[in-house]
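Here are a few friendly notes to read alongside the model. Please keep the 3D view open as you go through the points.

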Amino acid sequence: IIFSRFFFFSNMSIVVDKHTQFVLNLDKQRDTFEYWVTEHLRMSGMYWGLGSLWLLKTQSQMDLEAVAELVLKCQNQDGGFGGFVGHDSHLLYTLSAVQLLMLSGALDRLDKEKTISFILPLQKEDGSFSGDSWGEVDTRFSYCALSALSLLGALHRTDVEKAVQFVMRCQAWDSGFGVVPGAESHCGQIFCCVG
């Protein structure tokens, strides 16, 4: 039965136009409650949407200049990015912002040094990264910091060896990875830790 289900899905085709229109229409539903209560997720949502369009090879249907302009408006004085204009900086949104600027062809408009200066101090003595100035530690933040620094050509400016050691301490008894040492493993964390 598993094989027959896989065979069924492998013969399906993606209706590219429908998927593209779904993504493009997400920002047009501004009169809904859901649109406004998810404002803090806007940066990551834009990344997921634009990433989807790239996979569908329809990214040219999105206004890439408008994406870049909005992303740059979300950068704060500390160099990091919030989930939307006026939101506090966080590594999650900073990585999404860097990725969006790359996908939009606008990475050259970013003050890279300012962004790098936001990320570097978030590494703790044990090699972990906090997501923001409040200090929460999570292996997702290690992934975000190292990915953003790599995309910005500054990976060599952080202690990668300590970061790897921290991630390895987060490996659980079942060989998966958790958010911190001793935490249960989770597939999302596994992606972040081996990604």
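How many nonpolar, polar and charged residues are there, by class, in the lining of the largest pocket?

1. The lining of the largest pocket has 13 nonpolar, seven polar and six charged residues. Here Ala, Val, Leu, Ile, Met, Phe, Trp, Tyr, Cys and Pro count as nonpolar, Asp, Glu, Lys and Arg as charged, and the others, Gly among them, as polar.

2. Before going on, note that this is a predicted model, in which local features need pLDDT of at least 70 and side-chain atom pairs count only at pLDDT 80 or more, while totals for chains, interfaces and linings use all residues. Residues are numbered from 1 along each chain as its sequence is written, and side-chain values use heavy atoms, with hydrogens and water left out.

3. The largest pocket holds about 810 Å³ of space. A pocket, on a 1 Å grid over the protein atoms alone, is an open set of points where a 1.4 Å probe fits, with protein on both sides within 12 Å along at least five of seven lines; lining residues have an atom within 4 Å of a point. The volume is the space filled by probe spheres set on the points, which are joined across faces, edges and corners. Of its 26 lining residues, Leu26, Asp27, Tyr35, Arg42 and Met46 are the closest to the centre. Two or more lining residues come from each of α2 (16-25), α3 (33-37), α4 (42-56) and α5 (64-73), and α4 gives the largest share, six residues. Helices are DSSP runs (H or I, at least four residues), numbered from the N terminus.

4. Now turn to the second largest pocket, with a volume of about 370 Å³. Ser44, Trp48, Leu92, Ser96 and Cys144 are the closest to its centre among 14 lining residues. Most of all, α6 contributes to this lining, with five residues. The lining divides into 10 nonpolar, three polar and one charged.

5. His90 counts as buried because its relative accessibility is 11%, and buried means under 20% relative accessible area, exposed over 50% (1.4 Å probe, protein chains only). Leaving aside residues up to four places away in sequence, His90 touches Phe81, Phe118, Gly131, Asp132 and Phe141; contact means heavy atoms within 4.5 Å.

6. Finally, look at α10, where Gln189, Cys192 and Cys193 are buried. Seen down the axis of α10, these buried residues fall within an arc of 95°, so they line one face of the helix; the arc is that of the directions from the helix axis to the C-beta atoms. They pack against α8 and α9 (160-169), while Cys187 and Val194 are exposed on the other side of α10.
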